[in-house]
Amino acid sequence: GLEEEQESEPRAVALREEIVVVLTKAVEPLRKYLKTYDHYLEFLNLDVEKYVADYKEKCAGLEEDKSKIKEILNDRSQVESQVPAQVNVGTFLVICQGVRDSLIQKYDKFIYLILSLVHTKAQQAAKSVKEKYHQIYVKLDQEPGNIEDLVSMREYLGEIPEETEPLLKLIKAMLAES
């Protein structure tokens, strides 16, 4: 009874409406601040494993890999410098540490996956070079059984610089990019 009568009194209705207006205005700076996180949504929703699998299919070179890693490191650094642990927004204290930690962890995972891909590429390239040099060694290790084999071995010795040139370029490129 008495409570219902007090709630419907003009003064109570006016106070309730005034409180709604004041709270709506108080929340507006918070809404604006939260919009500053909108540009992180795409990355937060990104499936990094799928992205790296697609990236692997693209067969990017080491320069592109290095560029991608620098880009990710830059984005991670921006999160560290731009996302505070907490911030006062109007009448609200916003704790951002969880979002910040999630973003940084995801960037770290992304970097790890790209570096793992680079590692695998380097291993494959090194294995390929090693196998080609091993093939050369096997040919050179064969003892000529007759004069034709000796002539053939001599001809092969002349071909070795041509055969090893691309291998040396690959080795130099791998060393330069490490």
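Q: What makes the charged end of Lys106 count as sitting over the ring of Phe43?
A: The charged end of Lys106 lies 5.6 Å from the centre of the Phe43 ring, and a charge sits over a ring if NZ of Lys or CZ of Arg is within 6 Å of the ring centre and within 35 degrees of the ring normal. This is a predicted model, in which local features need pLDDT of at least 70 and side-chain atom pairs count only at pLDDT 80 or more, while totals for chains, interfaces and linings use all residues. Residues are numbered from 1 along each chain as its sequence is written, and side-chain values use heavy atoms, with hydrogens and water left out.

Q: Why is the aromatic pair of Tyr33 and Tyr37 called edge-to-face?
A: The structure holds 6 aromatic pairs. In the one formed by Tyr33 and Tyr37, the rings are 5.4 Å apart centre to centre, with 75 degrees between the planes; rings of Phe, Tyr and Trp (its six-membered ring) pair if their centres lie within 6.5 Å, and planes under 30 degrees apart count as stacked, over 60 as edge-to-face and the rest as tilted, so this pair is edge-to-face.

Q: Why does Tyr33 count as buried?
A: Tyr33 has 17% relative accessibility, and buried means under 20% relative accessible area, exposed over 50%, partly exposed in between (1.4 Å probe, protein chains only), so Tyr33 is buried. Tyr37, at 14%, is therefore buried too.

Q: Why is Tyr51 called partly exposed?
A: Tyr51 has 28% relative accessibility, so Tyr51 counts as partly exposed.
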